[in-house]
Amino acid sequence: MRRMMMAAGALALAAGAAVVAAPLAARQAGAAAQPWMNARLSAEQRADLLLRAMTLEEKAGQVSQQFMFGAFEQFAPIVKQGKVGSLLFVTDPAVINRLQRVAVEETRLKVPLIFGYDVIHGFRTIFPVPIANAASWDPAGVERAQAVAAAEARAVGIHWAFAPMVDIARDPRWGRIVEGAGEDPFLGSAMARAQVKGFQGPAIGAPGHIVSGPKHFAGYAAADGGRDYDSVYISESQLYNVILPPFAAAVQAGAGNVMSAYMDLNDVPAVGNKWLLTDVLRDQMGFDGWVVSDANGTKNQVIQHFARDEADAAVRSIDAGNDMEMSFGPAASAETLAASVRAGKLTEAVLDRAVRRILIGKFRMGLFERPYVDEAQAKVTLADPAHRREAQAAAERSFVLLKNEGGALPLVAGAHKRVAVIGAMANSKRDMLGPWAFQYDLPETVTVFEGVRDRLGSAATVETAPGVQLKRNVPSMFEAITIPGAAKPEPRWDAARAASEFDRAVALAKRSDLIVLTLGEAEDMSGEGASRSDLKLPGDQLRLFEAMLATGKPVRVVTMSGRPLELGTVLERAPAILHAWYGGTRGGTAIARTLFGDVNPGGKLPVTWPRSVGQVPIYYAHNTTHAPKDQGKRYWDIPSTPQFPFGYGLSYTTFEIGAPVLDSATMAPGGRVVVSVPVTNRGTRPGDEVVQLYIHQQSGRASRPVRELKGFERVSLRPGEQRTVRFALDERSLQYWSTAAKGWVIDPGTFDLWVGASSTAEAHATFIVGGAPRAGSGWVAAKK
């Protein structure tokens with residue numbers, strides 16, 4: 001619709017449509033020879049027809065996906081030879097069209113490629129990192145964000161996102177906690193559904209949308225010691241009750257793809273785990289799309305001493321239910337599959353099953369009818385200013401106010417004539433974007449310094465200095481990826497430069513009236529290959545903080561990271577701390593608007609924030625144990641309670657959440673209980689509160705967590721306004737997987753219920769679940 005408002009854009013669209021339609025007309029003319037080109041048939045029928053025409057080698061090519069790190073000339077031959085069915089990490093629409101023409105016009109069966117990419121939290125317009133989006137507790141907003149990301153990606157020719165990451169993460173040492181929704185399966189499920197819907201739209205193949213690929217199936221975030229890639233050992237109860245629900249939610253939302261995980265799960269690599277990929281994912285959850293391995297996951301079975309060689313690895317992977325192999329070239333282990341079929345090591349029916357699933361995905365996406373992208377329109381879509389506005393709104397809703405002593409925030413614009421924005425990330429565009437962002441427009445990214453400067457305008461002089469530099473001891477794996485326009489890593493400062501920059505920052509602070517200090521982690525300190533052994537502020541940041549306080553000037557702290565951090569004396573001595581995660585393209589604007597009260601922070605923590613790394617893993621939904629009164633006294637040196645509880649977040653206004661009112665004290669079999677909760681803004685500013693509902697089963701066939709999130713709603717209220725929030729609990733809210741019963745169960749008895757603004761909510765009620773012990777409905781009954 002927007003492009004029709006621009007005459008030039010409309011002309012470009014018309015010209016591009018003619019280019020795109022011409023090959024389609026030629027192909028349809030030969031539909032008699034290629035019956036799968038009959039668009040009146042279902043995707044399944046067309047896939048069956050095409051499958052019958054394929055050789056073993058062509059089938060093996062379809063299950064192969066390769067990274068395109070290189071030039072067109074390097075990859076065109078393997079496309080022409082039919083050795084690959086998908087490519088990833090190519091984003092230039094012109095190159096995508098050239099490669100697609102090779103597949104569509106120069107191969108025997110003319111099967112189009114499907115292009116994938118890591119569209120994690122935006123494509124050209126970068127949104128807050130996923131854990132920040134989860135901190136918004138706003139699934140509708142997250143769905144809008146991923147719809148923007150999908151529109152931009154589809155515009156350049158990408159058909160498929162390796163996202164969302166729905167791994168439940170309870171160890172903040174694990175670097176990829178930044179990519180998910182935190183520790184809770186209920187919140188994680190809500191975010192999984194929202195992202196799948198945002199990426200895919202109303203159905204797979206919807207214009208301007210792409211296939212969603214939830215990952216990493218399953219248990220990847222529970223690696224020993226929080227060390228990326230290490231083995232995972234998960235109990236059956238934890239797997240079903242904590243790890244798998246967000247995947248089930250993504251499947252129920254219609255996800256077209258699932259990515260299997262790298263690591264050993266209970267001693268069996270996930271990529272070759274038939275029980276996991278077939279029994280659980282397909283038979284129990286009802287997933288009907290295709291499964292792709294993570295990068296080199298199939299080949300890695302040899303390194304993991306599970307498979308004998310690459311040919312054995314390919315057979316094990318595809319037999320288990322992993323349909324496509326993502327690999328680094330020059331050859332995929334899938335190239336051995338034709339020989340394995342001929343040797344009787346793999347049945348052709350199993351190979352056909354995988355190829356059929358992939359082909360159905362391609363037909364559903366409309367790639368046989370519309371294989372090419374409109375290169376002129378891509379530029380219009382990527383430049384859409386509405387996308388930047390949506391990114392700013394998403395950032396503003398993600399911030400969590402951790403501390404605000406004496407109303408230190410919001411600041412008053414113009415009250416300070418000289419403002420210093422100091423810290424390693426104060427004016428770092430790349431750090432504002434966060435990890436897992438590659439196709440960004442760096443010049444348009446707004447830093448904290450730029451946001452504050454632009455917000456104050458002529459009302460103040462705003463200057464900046466880094467003061468310190470943040471560098472990893474082991475460089476990031478992503479430094480080796482060269483992308484045009486990407487930020488180049490700054491060389492490590494020598495001792496003289498470090499001393500000079502520190503002194504310069506202190507001098508700036510001394511001549512200023514207000515200090516906005518950014519603290520946290522550089523963007524490459526979160527993400528894949530970015531696990532940490534501790535959670536302290538890296539580098540010389542604590543000394544910088546102390547130096548800022550020593551000036552006697554007012555200091556307000558903005559923290560940026562993809563995980564909870566040990567803040568130490570910063571938490572004790574700073575009057576106000578705003579946690580901003582990594583805010584994306586318009587993060588600096590959003591931070592400035594929040595600091596100066598244009599926006600009232602309403603985000604809530606999606607993870608429990610530990611006091612010390614020695615507490616991890618720490619999460620709110622632990623069991624009662626036999627000594628609940630000592631829960632906060634497990635250590636003799638520090639309290640074993642968290643620094644901030646799950647669901648925590650302050651506001652510039654004051655909310656009152658009233659007592660819950662239940663429409664019935666008893667839930668009959670097959671029935672439900674509706675919980676009504678009044679919430680009132682008692683302060684003087686408009687703001688958002690997230691009303692949260694938790695339950696606890698007092699007795700049953702298993703000990704259940706002290707609290708489990710079962711409902712939440714973010715509400716916006718004017719000063720003095722009251723609203724009633726309603727939650728409906730049914731049997732699906734109460735069911736859990738019983739290891740003893742080997743299935744989903746519902747136990748009758750008394751349940752506690754709390755409502756409030758965090759997992760420490762105090763407003764309490766109880767209700768009784770009637771009837772006899774019975775089976776729960778599980779996942780399949782709720783499948784879309």
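Biologist: Which residues of α9 are buried?

Modeller: This is a predicted model, in which local features need pLDDT of at least 70 and side-chain atom pairs count only at pLDDT 80 or more, while totals for chains, interfaces and linings use all residues. Residues are numbered from 1 along each chain as its sequence is written, and side-chain values use heavy atoms, with hydrogens and water left out. Buried means under 20% relative accessible area, exposed over 50%, and partly exposed in between (1.4 Å probe, protein chains only). In α9 the buried residues are L239, Y240, N241, V242 and I243. Helices (H or I, at least four residues) and strands (E, at least two) are DSSP runs, numbered from the N terminus.

Biologist: What covers the buried residues of α9?

Modeller: Contact means heavy atoms within 4.5 Å. The cover includes the helices α8 (185-200), α10 (245-252) and α11 (274-284), together with the strands β24 (736-738) and β25 (743-746).

Biologist: Where does G225 lie, and which residues is G225 in contact with, leaving aside neighbours within four places in sequence?

Modeller: G225 belongs to the loop between β5 (211-212) and α9 (236-243). Its relative accessibility is 29%, so G225 counts as partly exposed. With neighbours within four places in sequence left aside, G225 is in contact with D171 and R173. From L41, G225 is 184 residues apart in sequence and 51 Å apart in space, C-alpha to C-alpha.

Biologist: How is the crossing of α2 and α15 described?

Modeller: Axes are lines fitted to C-alpha atoms, for helices over the stretch in contact, and angles run from 0 to 180 degrees between N-to-C directions. The axes of α2 (residues 43-52) and α15 (residues 348-364) come within 8 Å and cross at roughly 130°. That makes α2 oblique to α15; angles under 35 degrees count as roughly parallel, over 145 as roughly antiparallel, 65 to 115 as roughly perpendicular and the rest as oblique. The crossing is right-handed: a crossing is left-handed if the near helix is turned anticlockwise from the far one by less than a right angle, and right-handed if clockwise.

Biologist: Which residues of α2 and α15 meet?

Modeller: From α2, residues A43, E44, R46, A47, D48, L50 and L51 meet D352, V355, R356, L359, I360, F363 and R364 of α15. By class, this contact has eight nonpolar, no polar and six charged residues. Ala, Val, Leu, Ile, Met, Phe, Trp, Tyr, Cys and Pro count as nonpolar, Asp, Glu, Lys and Arg as charged, and the others, Gly among them, as polar.

Biologist: Is D352 buried or exposed?

Modeller: D352, in helix α15, counts as buried because its relative accessibility is 19%. Not counting residues up to four places away in sequence, D352 touches L51 and K59.

Biologist: In what order do the six strands form the open sheet?

Modeller: Strands of a sheet pair through backbone hydrogen bonds, either parallel or antiparallel. Two strands pair if DSSP finds at least two bridges between them. Here the order is β11-β16-β15-β14-β12-β13, with mixed pairing. At the edges stand β11 (400-404) and β13 (461-465), each with a single partner strand, so one side of each is left without a neighbour in the sheet. Strands β12 (residues 418-422) and β14 (residues 514-520) run parallel and are joined by four bridges. Opposite V421 stands V516 in β14.

Biologist: Which strands does helix α20 touch?

Modeller: Helix α20 (residues 495-510) packs on the sheet and touches β12, β13 and β14. The direction of α20 makes about 160° with that of β13.
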